[in-house]
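Work through the following exercises with the model at hand, and compare each step of the solutions with the coordinates.

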Amino acid sequence: MKLVIGGGYLGMRVAKAWRDQGRTVAVLTRKHSRADELRDAGYMPLIGDVTDPDSLAVLSDQLTELDCVLYAVGFDRQAGPAMREVYVAGLRNALDKLPDSTRRIIYISSTGVYSQNDGGSIDETSPAEPVREGGQVCLEAEQALQQHPLGQRSIVLRLAGIYGPGRTLKQADLIAGKPVSAAPEGYLNLIHVDDAVGIVMAVDESAQPADLYLVSDGNPVLRRDFYAEAAQLLGAPAPVFQSPDDASSSRRGNTDKRVSNALLRHELRYSFLFPSYREGLRASISTASH
């Protein structure tokens with residue numbers, strides 16, 4: 001039995017990969033209408049909300065044994081609860097309701113926990129000292145996981161910017177010819193969604209994974225080059241850049257670091273489907289256009 005908490009862009013692709021392996025896959029959803037769709041697609045729907053502890057009794061009531069849990073909850077600004085309530089309190093709520101027999105938890109975090117901004121390389125040993133709220137909350141959630149009794153069975157994946165079909169950075173702005181609010185010389189660190197799925201699967205299948213991996217394609221790209229390539233593939237005007245409204249290092253558009261995936265490659269021996277943004281963009285934009 002596998003469980004996906006956070007059935008979004010990444011979560012549902014992992015759920016499908018597990019289902020296609022013949023696994024029984026449960027998916028937690030807040031919506032009754034979504035539950036019917038999940039059931040029709042071959043999943044076991046569970047209705048609950050991580051911000052409502054009482055609703056999560058379904059996890060302990062219906063799941064007596066769990067092989068692996070993917071926790072990939074994103075933040076919906078339209079939903080109401082604050083970011084910290086979703087990421088930190090929500091994770092604690094879910095952990096408290098999981099069966100004690102749960103073998104492994106894979107938690108999706110972010111390289112936003114690193115505030116390094118000098119263009120240098122970071123890895124799992126680099127200090128995590130986030131300055132943006134999103135990174136701070138992700139780090140708090142990681143710490144909450146480590147402090148929980150199930151934390152010893154958990155693996156944290158800090159993902160770089162995830163992209164893929166239907167999720168190309170600034171696509172609408174590029175097509176419309178709007179300026180990109182970012183520093184063109186800063187580095188982007190990326191991971192194609194299909195490779196993110198493959199790495200989750202590799203971690204799940206690993207006999208002794210590390211407790212933390214940085215997940216990127218290992219080929220940082222200057223924003224100038226990335227958006228130029230995307231614009232060309234989209235048939236859009238060449239990108240024009242403008243300084244972000246806030247010139248402080250807390251702005252995402254000003255970040256400048258290079259994420260190393262050396263540990264992931266060494267330990268998991270994962271072979272990337274899209275080893276750089278060039279292959280990933282071509283596949284993503286081609287897929288999205290059909």
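**Exercise 1.** Determine which residues Ile191 is in contact with, leaving aside its neighbours within four places in sequence, and decide whether Ile191 is buried or exposed.

*Solution.* Taking contact as heavy atoms within 4.5 Å, the partners of Ile191 beyond four places in sequence include Leu159, Ala160, Gly161, Ile162 and Tyr163, and also Val215, Ser216, Asp217 and Phe272. Ile191 itself belongs to strand 11, residues 190-192, where helices (H or I, at least four residues) and strands (E, at least two) are DSSP runs numbered from the N terminus. Ile191 counts as buried because its relative accessibility is 0%; buried means under 20% relative accessible area, exposed over 50% and partly exposed in between, with a 1.4 Å probe and protein chains only.

The model is predicted, so that local features need pLDDT of at least 70 and side-chain atom pairs count only at pLDDT 80 or more, whereas totals for chains, interfaces and linings use all residues. Residues are numbered from 1 along each chain as its sequence is written, and side-chain values use heavy atoms, with hydrogens and water left out.

**Exercise 2.** Describe how helix 1 and helix 7 cross, and which residues meet.

*Solution.* The two axes, lines fitted to C-alpha atoms over the stretch in contact with angles from 0 to 180 degrees between N-to-C directions, come within 9 Å and cross at roughly 55°. Helix 1 is therefore oblique to helix 7, since angles under 35 degrees count as roughly parallel, over 145 as roughly antiparallel, 65 to 115 as roughly perpendicular and the rest as oblique. Finally, Arg13, Val14, Ala17 and Trp18 of helix 1 meet Val193, Asp194, Val197, Val200, Met201 and Asp204 of helix 7.
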